[in-house]
Amino acid sequence: MGGARVRPGGGTMTGPLVVLGDALLDRDVHGDVERFTPDAPAPVLEESDAVDRPGGAALAAALAARDGGDVCLITALGDDPAGRRLTALLAECGVRVLAAPASATPEKIRLRTHGQTLLRLDRQCAQPEIGELPPEAEAALAAAEAVLVSDYGRGLTSIAEVRRWLAVAAAERPVVWDPHPRGASPVPGLRLVTPNERELPPDTDGGPFPADGGPLAQLTRRAVGARQEWRAAAVCVTRAADGALLIDGRGVPLGIPAPAHVDGDACGAGDRLAATATRVLAAGGLASEAAHEAVRAATAFVATGAATTWDTAPPPSETGGLVLDITAARRMVDRVRAAGGQVVATGGCFDLLHAGHVATLQAARGFGDCLIVCLNSDDGVRALKGPDRPVVGEADRARVLAALSCVDAVVLFDEPTPIEVLTALRPDVWVKGGDYSGDELPENEHLARWGGQTVVVPYLDGHSTTRLINLAGRIS
């Protein structure tokens, strides 16, 4: 608990963050499927383990707490095993819970094998009877630095007293509302609303944007109309792998692309996005800053396993959505292998990224299902290339690499060689660009320990960083 949160612009958030919404208990049951039942075409899952985790508004609160600072969750919970288990999980995260009594705590149970969901079983997910919130709830909202409303359509945001509290809060501090198709309409005066395309009102007046335009024009029209209907300062429409579209009263929308295309379990990505946006707004950021940072954080969240790694996945990265530490990169590797995929790695300085680099990276990605780039840090480049290098700092080099569609993640390392990273990740294929023979590669010995294979791909003729630097020097 405690601690300040730093936003990209340098501001800090020191007060508490309140998350208000519907909490769920999520459970993932993992196992293997080796046969079908004899009486029906249904797979038999042999359970190996089960993992409980916060869901809904509880996940948003857990993620916000992991980012740092005091977090309070206002919700409704049943006096049942699911409610008690969820309360214990939130206590482990350092989240303070203020709960109204409810007739039941909902559970969502996913049966999974090798990274894939076979079936989801919902329990007690009908709208419950909700009692009175504790008196501390109103005081918590009044003291909050920012508020995130995480609506999962179970009735909490429809309570008149709660809506009055939220309207007062919205007039005084940043309030972000993550809506639900079955939930209540956002209160007026919000700093940001974060619907996906399905959660936008279907028929709204989008002003000058044509109703008969292409898909983007139609989406913009609906978003503009939603902002007017909700009387919000900004609406950020999330678009999964396509990033987001921000409508904030300017003449044109702000398109925010995802830093890279990521396939994987997206469970909880909306909670990650909304929690990050709230953090940035609370620290004094603009809606555009909040949306950019939130899309990057949600992309990294999906890349590292999404809600299945809620307790260990990295917080939002300052260098880019897919710039990972070793622990997060190993989770990505495990997820790819669980789905039967092959992991590829390559490495280098990648100073002044050019067509030769891109050709090597594209060739490397063709050898498997996931490409991780081991990137020399600034200190590492200086040790290899001299005091005048790199020309481009590690944060920018990593972000440019992560934006390439052929790159799935970037891992920075300080050592003279990437052997330590390779030993941690154990890629199936290690790709080198250039003219090498097998005997010249020190990585070969290490790859052999886990059955990995080294592959050399040729450089593109006429392209080198040194040549670009020398040419730029002559021009200047």
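Helices (H or I, at least four residues) and strands (E, at least two) are taken here as DSSP runs, numbered from the N terminus. The model is a predicted one, so local features need pLDDT of at least 70 and side-chain atom pairs count only at pLDDT 80 or more, while totals for chains, interfaces and linings use all residues. Residues are numbered from 1 along each chain as its sequence is written, and side-chain values use heavy atoms, with hydrogens and water left out.

Most residues other than glycine have a negative phi, and most peptide bonds are trans. The loop between strand E16 (343-348) and helix H9 (355-365) holds Phe350, and Leu352 has its place in the loop between E16 and H9 too. Phe350 is not a glycine, yet its phi is positive, at about 50°. Leu352, another residue other than glycine, also has a positive phi, near 50°. As for exposure, buried means under 20% relative accessible area, exposed means over 50%, and partly exposed is in between (1.4 Å probe, protein chains only). Phe350 comes out as buried, because its relative accessible area is 7%, whereas Leu352 has 26% and is therefore partly exposed. Further along, the peptide bond from Arg389 to Pro390 is cis, with omega near 5°. Pro390 sits in the loop that runs between helix H10 (378-385) and helix H11 (394-403).

Strands E13 (residues 235-238) and E14 (residues 244-247) pair in the antiparallel sense over four bridges; two strands pair if DSSP finds at least two bridges between them. Val235 has Ile247 as its bridge partner in E14. In a regular strand the side chains alternate between the two faces of the sheet. In E13, Val235 and Val237 point one way and Cys236 and Thr238 the other way, and all are buried. Five residues lie between the strands of this hairpin, and Ala240 takes a positive phi near 55° there.

Finally, a helix pair. The axes of helix H6 (residues 269-282) and helix H7 (residues 287-303) come within 8 Å and cross at roughly 145°. Axes are lines fitted to C-alpha atoms, for helices over the stretch in contact, with angles running from 0 to 180 degrees between N-to-C directions. On the residue level (contact means heavy atoms within 4.5 Å), those of H6 that meet H7 include Leu273, Val280 and Leu281, and among their counterparts in H7 are Val295, Phe301 and Val302. By class, the contact of H6 with H7 has 13 nonpolar, one polar and four charged residues. Here Ala, Val, Leu, Ile, Met, Phe, Trp, Tyr, Cys and Pro count as nonpolar, Asp, Glu, Lys and Arg as charged, and the others, Gly among them, as polar.
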